[in-house]
Every structure is written in C-alpha cells, then in structure tokens.
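User: I'm new to this one and would like a close look at a single part of it. Could you walk me through the aromatic rings first, and then what lies around them?

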Amino acid sequence: MSKVLLAYVVADGLFLLMGIFMIAFSVIVQNIQFEIPTEGHQAARNLLYQRFPLTAGIVNAVFIFVTFLLTIPGVITPARGWLKMGGWMTTVCGLFSLILGLYLWILTLKTKEDFAPLYFQQTPEIQQLMQSAFQCCGYFNSTSPAFITDDICSSPAAAALMRPCATPITSFANILVDNIFTAVFGMVGIDVVLIMATACLLKERKERERFRHIDEKSGVVGF
C-alpha cells in the first residue's frame, strides 16, 4: 500500500465516522427534543433542538454512507472511475454539510428575538423552570411576558430587580449552537481532506497507468 493510498484510507475512515456521528446526533436529538423537561436548561435546550435541521442531517448522513460504499471499489481495484464518482459525491456531501453549518450559524445571529415566541408559547410550569435555572424573571423584562411567581421572582418588586431571561438564555443558546456548528464545519474540513486525498490518488494511478502503457509498448511486459 502506497502512502497516498494509506492517506486516502485514513481520510475515508474519518469520513465514515463523521457520517456515524451525524446520524447518531440527529436521531438522538429527534427522540429527546419533545421530552417533558424537568430542569430549566433542559427546557431551553429542547426548544433549541426543535429548530435544528435534523431531517436534513439524517439525509446528509445517508449520502455520506452511500459515498463511502462507492469508495470501497475505488480502494480495492485499480479502476479510477469509482474514485472519481466518490470524489464528486464527497463534494456534494461537503456542500450539504456547509449549508447545514451556515444555517446553524445564522440561528445565532438573532437568538434573542427568535427564541422569544418559543418562550411565550410555553406553559407557566416550563417558564418557571427556566426562570429558576437561569435566575431571571420574564423574558424581555419582568412583565413581558409576566413573570411566574416562585422563589426567584417572589413579587413584582423583586422581579423588577432581577435580570430578564433573554440575556442568560441567549448566552446559553449561543454557546450550545456555536459548539455544534463548529463541529459541522470541522466535518466540512474532513470532506476537503478526502477530496484532496482522492485527487492525489487519482493522479498516482494515472501516472502508474501511463508508465504501464509505456512498458507494454517497449516490450518490458513480454520479458
């Protein structure tokens, strides 16, 4: 096995692991996003998960698995056609992942405003969980929406002195989404590495095929 082929196999393995991680994350989040929360951070996280393009993530993971299967004949046979097809499919997967990452990044630009309707739609019990977890009252302020009376917001006067929930929830959401879209952009990096490895392996095989034809013409194969 040449060094170029070895590098390609390693990149292809990372590509497969990327697909496994993506489909595992998407399926797990789909199963927990509508769970009844027992804690404020869980409630906020589940609301954020409901805005994620999870179905698109599963579709992208399926493309990754199909692409990986196409690369197997390219590894075990000298034919370049499978490698070319795998390279084009890897490019599609990379663009798909890039779009998903950009979508998640755009979510962080207006987290405060976009999360407000979700917060307003929640039951008083869910709002109280978030108030307790984030040590806040209301969303934009203690009256918008009206705070839920609890140990943190025990009275209108006490609630007015507390920070609104928009600030800590926005900070929590941005950190969560930042970590996820950074991971997605890292996956795009793996796609780029695999595309470069594919190009190098195609070049190596093309040169070997050219030398083989030269040897055949010169009669080396006959001897």
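Which residues form one aromatic cluster?

Analyst: That would be F115, Y119, F120, Y139 and F140. Before we zoom in, a word on what you're looking at: this is a predicted model, where local features need pLDDT of at least 70, side-chain atom pairs count only at pLDDT 80 or more, and totals for chains, interfaces and linings use all residues. Residues are numbered from 1 along each chain as its sequence is written, and side-chain values use heavy atoms, with hydrogens and water left out.

The pLDDT score is the predictor's confidence in each residue, from 0 to 100. Its mean over the protein is 90, and 93% of the residues reach 70 or more. Confidence is highest in helix 2 (residues 40-49), at a mean of 95, and lowest in helix 8 (residues 166-218), at 87. The helices here are DSSP runs (H or I, at least four residues), numbered from the N terminus.

Back to the rings. Rings of Phe, Tyr and Trp (its six-membered ring) pair if their centres lie within 6.5 Å; planes under 30 degrees apart count as stacked, over 60 as edge-to-face and the rest as tilted. By that rule there are 11 aromatic pairs. One of them joins F120 and Y139, edge-to-face, at 6.2 Å centre to centre with 90° between the planes. F120 sits in helix 5 (residues 111-121) and Y139 in the loop between helix 6 (124-134) and helix 7 (156-161), so this pair ties together parts that are 19 residues apart in sequence. Y139 counts as buried, because its relative accessibility is 0%, while F120 is partly exposed at 39%. (Buried means under 20% relative accessible area, exposed over 50%, partly exposed in between, using a 1.4 Å probe and protein chains only.)

Another pair is F134 with F172, also edge-to-face: 5.6 Å centre to centre, 65° between the planes. This pair links distant parts of the chain, with F134 in helix 6 and F172 in helix 8, 38 residues apart. F134 is buried, with a relative accessible area of 4%.

Grid points are joined across faces, edges and corners, and a volume is the space filled by probe spheres set on the points.

The search of the whole structure finds 1 cavity of 30 Å³ or more. Its lining is L48, R51, L107, T108, T111, A173, N174 and V177, and the largest share of that lining, 3 residues, comes from helix 8.

The largest pocket has a volume of about 220 Å³. It is lined by 14 residues, with F25, S26, L104, I180 and V184 nearest its centre. Helix 1 (3-32), helix 3 (54-76), helix 4 (81-107) and helix 8 each give two or more residues to this lining.

The second largest pocket holds about 180 Å³ of space. Of its 10 lining residues, P78, A79, E204, R205 and R208 are the closest to the centre. Helix 8 gives the largest share of this lining too, 5 residues.

Methods:
On a 1 Å grid over the protein atoms alone, a cavity is a set of points where a 1.4 Å probe fits but cannot get out, and a pocket is an open set with protein on both sides within 12 Å along at least five of seven lines; lining residues have an atom within 4 Å of a point.
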